[in-house]
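Biologist: Could we go through this model together? I would like to start with its pockets.

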Amino acid sequence: MNNEKNVVDTSNWWKNSVVYQIYPRSFQDSNGDGIGDLQGIIKRLDYLQDLGIDAIWLSPVCKSPQDDNGYDISDYQDIDPMFGSLNDMEELIQEAKKRGIRILLDLVLNHSSDEHTWFIEAKKSKDNPYHDYYVWRDGVEGIYPNDMKACFGGPAWEWVPELGQYYFHQFSVKQPDLNWENPKLRREIYDMILWWMDKGVGGFRLDVIDQIAKEPDLKITNNGPRLHEYIKELSKETFQTGNLITVGEAWGANTELAHLYSAPDGSEFSMVFQFEHINLDQQPGGEKWDIKELDFIQLKQILSKWQVELHGKGWNSLFWNNHDLPRIVSRWGNDEQYREESAKMLATILHGMQGTPYIYQGEEIGMTNVKYQIEEYKDIETVNMYKERIEKGYKPEDVMRSIYAKGRDNARTPIQWDSSQYAGFSTVKPWIKVNDNCKEINVENALENKDSIFYYYKKLIQLRKENPVLVHGDYQLLLETNPDIFAYCRNLDGQRMVVVANFHDKEIPFSLKEEGFEVKEYLIHNYREEKAGYLRPYEAYMAILN
């Protein structure tokens with residue numbers, strides 16, 4: 001690892017970078033059809049350049065029937081007409097490049113759409129060369145190969161009468177799993193990735209990549225025995241031939257596995273998305289909809305464990321939000337009385353750590369969760385869960401409470417650009433309802449207020465570029481058992497930086513001096529001035545120590 005001060009490691013450019021995730025259908029509509037598109041993103045690139053980000057991760061834009069919002073790809077080498085054309089994609093890559101921004105594509109390599117040519121061919125006969133691109137088991141209609149369930153509800157097996165076989169699908173019935181044991185399939189995937197690399201993309205996010213080595217007969221979905229063999233081959237054949245950022249989504253990752261995924265030798269990925277901290281407000285043994293109070297001490301322990309155990313051995317991705325998760329300011333902050341303070345506090349904790357920070361669209365202006373009627377939700381997972389739980393006898397108000405807290409559509413409402421009828425996202429009614437608070441919370445208002453969340457994020461991004469201690473420093477958790485304060489040190493070459501955050505909505509007695517620290521300079525602070533001896537609700541800062 002590069003430990004010299006003020007040296008940007010260009011081979012691992014992503015270590016100094018901040019990535020911004022765009023969910024294209026909700027970012028900016030340019031053609032008045034109520035759906036965001038690639039030309040809309042191009043239109044907003046100056047805004048993202050102003051924010052200071054280095055790369056954009058695009059949620060899927062490849063051709064898709066949109067059964068699961070584009071995570072069911074029917075053509076990996078074309079753009080869905082909903083978002084534009086291949087020419088628009090090439091223009092986006094070039095326009096972003098002019099602004100020093102790289103484009104990351106979202107690749108779904110665990111499964112395809114059932115409308116992909118491969119699967120259409122695979123269903124024709126057992127002898128078809130594409131048949132073995134998917135996972136099949138002989139059987140009898142109505143008697144499943146085993147009792148495995150799909151993530152979106154129902155059995156993980158679907159009967160195809162003309163073949164007398166079941167195919168395996170971990171997600172929707174329209175998302176058949178790909179068979180990575182087939183070397184011809186793997187070669188097709190590598191050639192497709194190289195094709196995109198030739199187009200100039202700066203990297204890839206790999207959807208549920210830890211599930212590609214599934215062994216359904218043994219009921220193994222993630223971390224199958226051949227997983228790292230496959231990933232190493234994938235990386236060698238593709239990513240290692242370019243200077244890319246690659247991040248694997250791995251819900252089953254622990255720190256040991258992350259050492260493999262993000263090994264400094266670059267044999268697999270740049271980093272991995274792990275979700276250990278994300279599940280902390282879920283009841284043990286329950287589903288994500290079974291909510292419990294966040295255990296704050298546990299949150300500190302888990303984030304710190306990843307910081308310490310990956311230092312020098314791997315690389316962290318840092319995130320609170322994405323397209324699948326509720327808005328963090330509503331989840332673990334306070335989206336009413338202290339929305340700005342708590343949004344800034346959560347950002348301070350995350351951006352002070354070692355790793356590559358990810359900002360999800362709207363996070364930089366403090367967008368919040370929504371409360372819709374059930375008929376207004378679009379997400380397949382939410383709609384299916386509501387139906388299943390009502391059938392099981394759950395009270396509608398309890399089910400809705402879970403949806404308000406954890407539903408994926410919380411993250412998918414249109415970006416609030418201004419206070420106009422459709423929030424500047426579109427000139428017509430959008431594909432999903434705009435959050436009612438867009439009159440107050442929007443980009444236009446944020447840009448006019450120099451104390452806004454937007455400018456706070458902009459400063460955090462700048463601090464990462466100016467302070468090698470943020471990129472390369474080691475990590476030390478402070479006040480481990482304090483029930484309200486998240487505090488830690490970063491150390492590099494004699495420079496010490498401290499991050500202090502009050503995680504709650506009450507005033508806490510606290511003084512750095514009494515803890516034995518002397519501040520040389522405050523780098524960022526979410527309140528205008530200090531209050532001696534106290535941390536106010538959600539107060540947070542970064543400081544260089546003497």
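Modeller: A definition comes before the volumes: a pocket is an open set of grid points with protein on both sides within 12 Å along at least five of seven lines. A volume is the space filled by probe spheres set on the points. Please note also that this is a predicted model.

Biologist: How much space lies in the second largest pocket?

Modeller: The second largest pocket holds about 750 Å³ of space. It is lined by 26 residues, and those closest to its centre are Ser330, Arg331, Gly333, Asp335 and Asn369.

Biologist: Which helix gives the most to that lining?

Modeller: Helix α12 does, with three residues. Both α9 (328-331) and α12 (396-406) supply at least two residues each. By class, the lining of this second largest pocket comprises 10 nonpolar, seven polar and nine charged residues.

Biologist: And what is the volume of the largest pocket?

Modeller: The largest pocket has a volume of about 1400 Å³. Its lining counts 45 residues, with Cys151, Phe152, Phe171, Lys288 and Glu381 nearest the centre. Helix α11 (residues 380-391) contributes the largest share of that lining, five residues. The lining divides into 16 nonpolar, 14 polar and 15 charged residues.

Biologist: Changing topic, what is the strand order in the open sheet of three strands?

Modeller: The order is β6-β8-β7, and the pairing is antiparallel. The edge strands, β6 (136-138) and β7 (157-160), each pair on one side only. On average, neighbouring strands of this sheet are turned by 30° against each other, direction ignored.

Biologist: How many bridges join β7 to β8?

Modeller: Four bridges join β7 to β8 (residues 165-168). Trp157 stands opposite Phe168 in β8.

Methods:
Residues are numbered from 1 along each chain as its sequence is written. This is a predicted model: local features need pLDDT of at least 70, side-chain atom pairs count only at pLDDT 80 or more; totals for chains, interfaces and linings use all residues. Side-chain values use heavy atoms; hydrogens and water are left out. Two strands pair if DSSP finds at least two bridges between them. Axes are lines fitted to C-alpha atoms, for helices over the stretch in contact, and angles run from 0 to 180 degrees between N-to-C directions. On a 1 Å grid over the protein atoms alone, a cavity is a set of points where a 1.4 Å probe fits but cannot get out, and a pocket is an open set with protein on both sides within 12 Å along at least five of seven lines; lining residues have an atom within 4 Å of a point. Ala, Val, Leu, Ile, Met, Phe, Trp, Tyr, Cys and Pro count as nonpolar, Asp, Glu, Lys and Arg as charged, and the others, Gly among them, as polar.
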